[in-house]
Amino acid sequence: MKIELLVRRIPVGISQCAMGDPVRYNAGHKHSKVCTELLSRCFEFVPLCPEVAIGLGVPRDPIRLVKDDSSPDAAVRALGVVDESLDVTRPLRAYADQVAPRLQSVRGYILMQNSPSCGLAGVRRYLPNGHGIDSGGTGVFAQRLRELFPHLPMEEVGRLNNSEIRENFLTRVFAYDAWFRYVGEPVGPARVIEFFTAYKYLLLAHHQHKTRELGQLLANVGALEPNQLGLSVLGHIMDILSHPASRKDRTNALMHVQGHLKHYLNRSERAELTRLIDDYRQGLKPVSAVLTLLRHYLPRSPHQFIHSQLLLAAEPAELGLCDFH
Ligand code: SF4
C-alpha cells in the first residue's frame, strides 16, 4: 500500500471571518494570513459564518455564552448581550446539523477563537447577572460540530500562528484525508490493517505506548464489526497524532527504519546514518536531514513494509508549510 499525500487541495472548513470577509458583529473581520496565504496552498477552504447564516445580520448586537448557574453541569446558552431574550443556542446547533451533509467531505476545521459560536475552547462564560465566571466554554456551533464529527481535526485560527501546532494540525488533516481515500466505506479489516501498518512509524513518533495498544487491538480485528472497528481505529489514530511528536519518540521511530535498512548499507554508510540520527536526537540537525538520507537508501530495500511508511513521506515542514513570517 502506497499512500500519496497532497494529491489535491484538501477541503477544510473555516470560520468565514478568518478569510477576511467582514461578517463579524461589528462588520469587521479577523483575517488570518497564515490561512489565506500559506495553508491555502494545500487546503481548499469552505468558509461558513454560523451567526450570519442563522439571520443575525451584519452589523448585529453581540452574543455571549451564559451559564444558568455556576455548578459544573449547568446549561450554557448563547444569548444576546443587549437583548437577553435573544437565545440563538438552538438555531446555531440546528445550523450545524443543516450543513453536516456538506461537511462530510471536509478533512479538518479551522475555528475562530473566543467566539461564542466558533470558539473551540477557552471561551468566556457569564452568569445571567452579567458577571463573568470562567473561560471554560466552547462555542455552540463548534460544540455541535465536535458531536457530529468526533474525529475531525480541529484547530483555532490564532494557534495556527505557532509552527509546531500548525505542523501537528497538518499531520492530522493529511492522515484523516488519507483514511477516507484508502480505507473509505464500507470499512474492510484488511484495509484498516494496511493503513495502520503504513502509519505505524509515524504513530510511534507521536506516542509509543498508545501505538502499541492500538497494535494489540488490531491483533483481534475479528472481534469487532467492521464499521465499529473503522471508527475505533480512526479515533485511536487521531488521538495519537494529536500528541506532538517528541524528539525522543521520533528518534526511536527513525531507529526502527534504520534497523530495516542496515542490511543494505555498508559499514561507513551505517556509521554516517547512526551519527546523523544521534545529531537529530541532540537537537544538532533537523529531522529533514535524517529523512533525506533514509529516503536515499530506501530503494535498496525490497521490503514493501518500509516503502509504505508515511514517516518517510514529505512532512509539512519539508513542504514549506511550517515557516511563515
Ligand atoms: S467567529 Fe464565527 S460566527 Fe463569529 S464572525 Fe467569525 S465565522 Fe461568524
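## Domain arrangement

The centres of domain 1 and domain 2, taken over C-alpha atoms, are separated by 33 Å. The contact takes 23 residues from domain 1 and 18 residues from domain 2. In the domain assignment, domain 1 covers residues 10-161 and domain 2 covers residues 163-325. The model is a predicted one, and its local features are reported for a pLDDT of at least 70.

## Nonpolar cores

The largest nonpolar core has 88 residues, and the members that touch the most others are Leu39, Phe43, Tyr109, Ile110, Ile237 and Leu254. Helix 6 (residues 189-206) supplies the largest share of this core, with 10 residues. Each of domain 1 and domain 2 gives at least three residues to this core.

Isoleucine 237 illustrates the packing around one of these members. Leaving aside residues up to four places away in sequence, isoleucine 237 touches Trp179, Phe195, Leu203 and Leu214.

Threonine 211 is found in helix 7. With a relative accessible area of 2%, threonine 211 is buried. Its contacts, not counting residues up to four places away in sequence, are Phe196, Lys200, Leu203, Leu204 and Ile240.

The buried residues of helix 3 are Thr89, Leu92, Tyr95, Ala96, Val99, Ala100 and Leu103. An α-helix has 3.6 residues a turn, so residues three or four places apart point the same way. The partners against which the buried residues of helix 3 pack are strand 2 (43-48), helix 2 (50-53), strand 3 (63-67), strand 4 (76-80), strand 5 (109-111) and helix 4 (140-148).

Glutamine 98 also lies in helix 3. Because its relative accessibility is 59%, and exposed means over 50%, glutamine 98 counts as exposed. Between glutamine 98 and glutamine 16 there are 17 Å in space, C-alpha to C-alpha, and the two are 82 residues apart in sequence.

For helix 5, the 20 residues should span 28 Å at 1.5 Å a residue, and the end C-alpha atoms are 28 Å apart, which agrees. Since 15 of these 20 residues are buried, helix 5 is largely enclosed by the rest of the structure. The N-terminal end of helix 5 is capped by asparagine 162, a side-chain oxygen of which lies 2.8 Å from the backbone nitrogen of glutamate 164. Just after helix 5, glycine 184 takes a positive phi of about 55 degrees.

## Salt bridges

A search of the whole structure finds 16 salt bridges. The table lists some of these pairs.

| Aspartate 134 | Arginine 125 | 2.8 Å |

In the salt bridge between aspartate 134 and arginine 125, aspartate 134 counts as partly exposed at 25% relative accessibility, while arginine 125 is buried with a relative accessible area of 14%.

Aspartate 239 counts as partly exposed, at 32% relative accessibility. Lysine 210 is partly exposed as well, with a relative accessible area of 25%.

A network of salt bridges links Arg93, Asp97, Arg144 and Glu147.

Notes: Residues are numbered from 1 along each chain as its sequence is written. This is a predicted model: local features need pLDDT of at least 70, side-chain atom pairs count only at pLDDT 80 or more; totals for chains, interfaces and linings use all residues. Side-chain values use heavy atoms; hydrogens and water are left out. A nonpolar core is a set of buried Ala, Val, Leu, Ile, Met, Phe, Trp, Tyr and Cys residues joined through side-chain atoms within 4.5 Å. Buried means under 20% relative accessible area, exposed over 50%, partly exposed in between (1.4 Å probe, protein chains only). Helices (H or I, at least four residues) and strands (E, at least two) are DSSP runs, numbered from the N terminus. Domain bounds come from an automatic or database domain assignment. Contact means heavy atoms within 4.5 Å. A salt bridge is a side-chain nitrogen of Lys or Arg within 4 Å of a carboxyl oxygen of Asp or Glu. The expected span of a helix is 1.5 Å times one less than its number of residues. A polar contact is a pair of N or O atoms within 3.5 Å; within protein, one must be able to donate a hydrogen and the other to accept it, and residues adjacent in sequence count only if both atoms are side-chain atoms.
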